[in-house]
Amino acid sequence: MSTTLNENLLLAVPLAPLAGSLIAGLFGKIVGRKGSHRITILGVFVSFILSALVFNDVLHGASFNATIYEWMNVGPLKMEVGFLVDSLTAMMMVIVTFVSLMVHIYTIGYMADEEVGYERFFSYISLFTFSMLMLVMSNNFLQLFFGWEAVGLVSYLLIGFYFTRESAIYANMKAFIVNRVGDFGFLLGIGLLLAFSGSLNYGDVFAQSDKLATMTFPGTQWGLLTVACICLFIGAMGKSAQFPLHVWLPDSMEGPTPISALIHAATMVTAGIFMVTRMSPLFEHSDAALSFVTVIGAITALFMGFLGVVQNDIKRVVAYSTLSQLGYMTVALGVSAYPVAVFHLGTHAFFKALLFLGAGSVIIGMHHDQDMRNMGGLARYMPVTWITSLIGSLALIGTPFFSGFYSKDSIIEAVKYSHLAGSGFAYFAVVASVFVTSLYSFRMYFMVFHGPERFRGPKHPDSPMGQAEAHGHGHDSHGHDDHGHGHGPHIPHESPWVVTLPLVLLAIPSIIIGAIMIGPMIYGDFFSHGVVFDKVIFIGENHEGLKEMAEEFHGWVAMALHGIITPGPVWLAALGVIVAWFFYMKRPDLPAVVARTFRPIYVLLDNKYYCDKINEVVFAKGAVAIGRGLWKEGDVVVIDGIVNGSARFMGWFAGVIRFLQSGYIYHYAFAMIIGMLGLLTLFVTLGGK
């Protein structure tokens, strides 16, 4: 087999969904609703098939690292579009295109009754797929930044898809602004690497990593790579929603459920994890940067999980679950267990997409209602959604033999072996999060699919639907996710096959992909395939415990059995399920008692640690104050003062000059004579010198 991948085949991978996006976006009214979803699905399907072929070739030793298009040269600096395809890229290509394909198919049923924007939505999600593919396939920082900003832009469009709703406008603006904060740090990191390496190409920068590691940031004693890596990670904190730049992600639930699945499972939020993994040759030179990554990930994993326990909106529970799981991945990156982080990224993509699409199916069956307090007993009415959601929940909490077990347990083991500063707190956080994850996951599962059928009676007074009933709107009022399925006040029903088929197809890898991939990805040679630099760019061997973990690994069956019989994370997960069952099935009155007993803690969690309030008071109002000061002092006093002062001076000068414009010839003759005398005097003086 050829060791170099075909350039045209690689080009077709991102261009196929781009073509579908352009056709649906520009000619949607011409090709119609069916034409729009068919052409975009075809584009993503072609991209998925080609990605699978590329993945197979890479596993057999093929790779690619070359410039596709040279944009411009600025002195020695080259700005190019190029592809780097190795094991990491090929895996990301398959995950992105497969999950995107499932979301495209699912959207047909979910948006079926959407009267306005159907074609536009398909155009957006295909454009999202193109942007993410350009990001993961890039071989230089310029293209990486293009894909980075493109996924941010399209997420802004998708979160605010229902642009007539004030809450959606607020949510997409919030996501855009928070991501700009992270992107500022990201751009600074790229600028530092460019300034001291002289190149935007990954290979050139990585080749100089040893030299860069000896440099200090100008004017300080800080290591250059420490500053650059922390700046790069600040960008990842925005995209991958790490504390404190996580605040945009729960509000992104204002977008339709398909895009929630796409953003949270396979595209935008995984961009930061991918980027740090790709930059591992740089991060490995700075223990300070790695410790920073570890602590931020640990805080996110634990404290965002707590917030999921008090949420009643079904989509927001899954959203906070995403935040927590991203924290797990970030912790793995921080302790240099890059293969483990990417492994969890892969398993998480499938079961999290499954949970989001399952939540969307429940919303369809509940006729717009997203509040879990109005649900219950849906298992008998929505059997496919029920069983697939159960599979997703079991994978999420790390049940043995399910995919999430292998990746989460590997992260916990990797953190246990680390001696990096902050790894002790990180180990406590990821272990405690096992119980928290299990608690909020099965709280959601029991409230939605089991227990009394609360949808038959009056809606909960604190839910949007209950408030609508109180105002006399009943079921005609739309909840948070107004996707247009207006069925009226009927019994919940199973979703159409275009919704349930993606659930089934995602449930399969949610069960088996962990067992299949743990051997080659963590303990095998998966990441040695297709490495295109002289220096290995995937530095998993630098982690102190991976070799010991490899010695203890005896196959996926033995690992699962060991997890069951040994007190540890599996038992904590089981305890979380038991507590959730007792609180929400056996004694549903207890949660209210606990909330009253620990009211200060409940209020803190219900207000999301007041992060939004702090941002509003400190940053938003501070920015307004700074802006007002710049306006009044800078604009009005300084700029307007200069402009108006110059105008007043010219008026005064004109007033003086006009006395010389008398209209009398003898005045002009006199002025000419004086001028001539002045010139002659000047010339004589200069000539004398």
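## Close-up views of a predicted model

**Figure 1. The largest nonpolar core and the residues at its centre of contacts.** In this predicted model, the largest nonpolar core is made up of 205 residues, and those with the most contacts inside it are Trp-248 and Phe-283. Helix α15, which covers residues 338-365, supplies the largest share of this core, namely 18 residues. Leaving aside residues up to four places away in sequence, Phe-283 touches Cys-229, Leu-232, Phe-233 and Val-276, and it also touches Ala-289, Leu-290, Val-293 and Tyr-338.

**Figure 2. The chain as a whole, shown as a setting for the other views.** The chain contains 27 helices and two strands, and its C-alpha atoms fill a box of roughly 110 × 70 × 55 Å when this is taken along the principal axes. Of its 689 residues, 55% count as buried, while the accessible surface comes to about 28,500 Å², of which 69% belongs to carbon and sulfur atoms. Among the contacts in the chain with a separation of 6 or more, 81% are accounted for by residues 24 or more positions apart.

**Figure 3. The hairpin formed by strands β1 and β2.** Strand β1 (residues 64-74) and strand β2 (residues 77-85) run antiparallel and are joined by nine bridges. Two residues lie between the strands of this hairpin, and Gly-75 in the turn has a positive phi of about 65°. Along the pairing, Asn-73 stands opposite Lys-78 in β2, and Met-72 has Met-79 of β2 as its bridge partner. Because seven of the nine residues of β2 are buried, this strand is largely enclosed by the rest of the structure.

Figure 4. An unreviewed UniProt entry lists residues 71-122 as "domain: NADH-Ubiquinone oxidoreductase (complex I) chain 5 N-terminal". In the model, residues 71-122 are 56% helix and 25% strand, and the end C-alpha atoms of this span lie 30 Å apart. For residues 138-419, the unreviewed UniProt entry gives "domain: NADH:quinone oxidoreductase/Mrp antiporter transmembrane". Residues 138-419 are 74% helix and 0% strand, with end C-alpha atoms that lie 33 Å apart.

**Figure 5. The loop between helices α8 and α9.** Pro-244 has its place in the loop between α8 (224-239) and α9 (248-251), and a cis peptide bond, with omega of about 5°, joins Phe-243 to Pro-244. Ala-241 is also found in the loop between α8 and α9, and its phi is near 55°, which is a positive value in a residue other than glycine. Ala-241 counts as buried because its relative accessibility is 0%, and the cut-off for this class is under 20%.

**Figure 6. Phe-401 in the loop between helices α16 and α17.** The loop that holds Phe-401 lies between α16 (383-397) and α17 (403-417). Although Phe-401 is not a glycine, it has a positive phi of about 80°. With a relative accessible area of 31%, Phe-401 is partly exposed, since this class takes in values between the limits of 20% for buried and 50% for exposed.

**Figure 7. Helix α13 and its length.** Helix α13 runs over residues 287-309, and at 1.5 Å a residue its 23 residues should span 33 Å, which agrees with the 34 Å between its end C-alpha atoms. This helix is mostly covered, as 17 of its 23 residues are buried.

Notes
Residues are numbered from 1 along each chain as its sequence is written. This is a predicted model: local features need pLDDT of at least 70, side-chain atom pairs count only at pLDDT 80 or more; totals for chains, interfaces and linings use all residues. Side-chain values use heavy atoms; hydrogens and water are left out. Helices (H or I, at least four residues) and strands (E, at least two) are DSSP runs, numbered from the N terminus. The expected span of a helix is 1.5 Å times one less than its number of residues. Buried means under 20% relative accessible area, exposed over 50%, partly exposed in between (1.4 Å probe, protein chains only). UniProt positions are given in the numbering used here, feature names are shortened, and annotations may be inferred rather than shown by experiment. A nonpolar core is a set of buried Ala, Val, Leu, Ile, Met, Phe, Trp, Tyr and Cys residues joined through side-chain atoms within 4.5 Å. Contact means heavy atoms within 4.5 Å. Accessible areas come from the Shrake-Rupley method with a 1.4 Å probe; for residues, only the protein chains shown count as cover. Two strands pair if DSSP finds at least two bridges between them.
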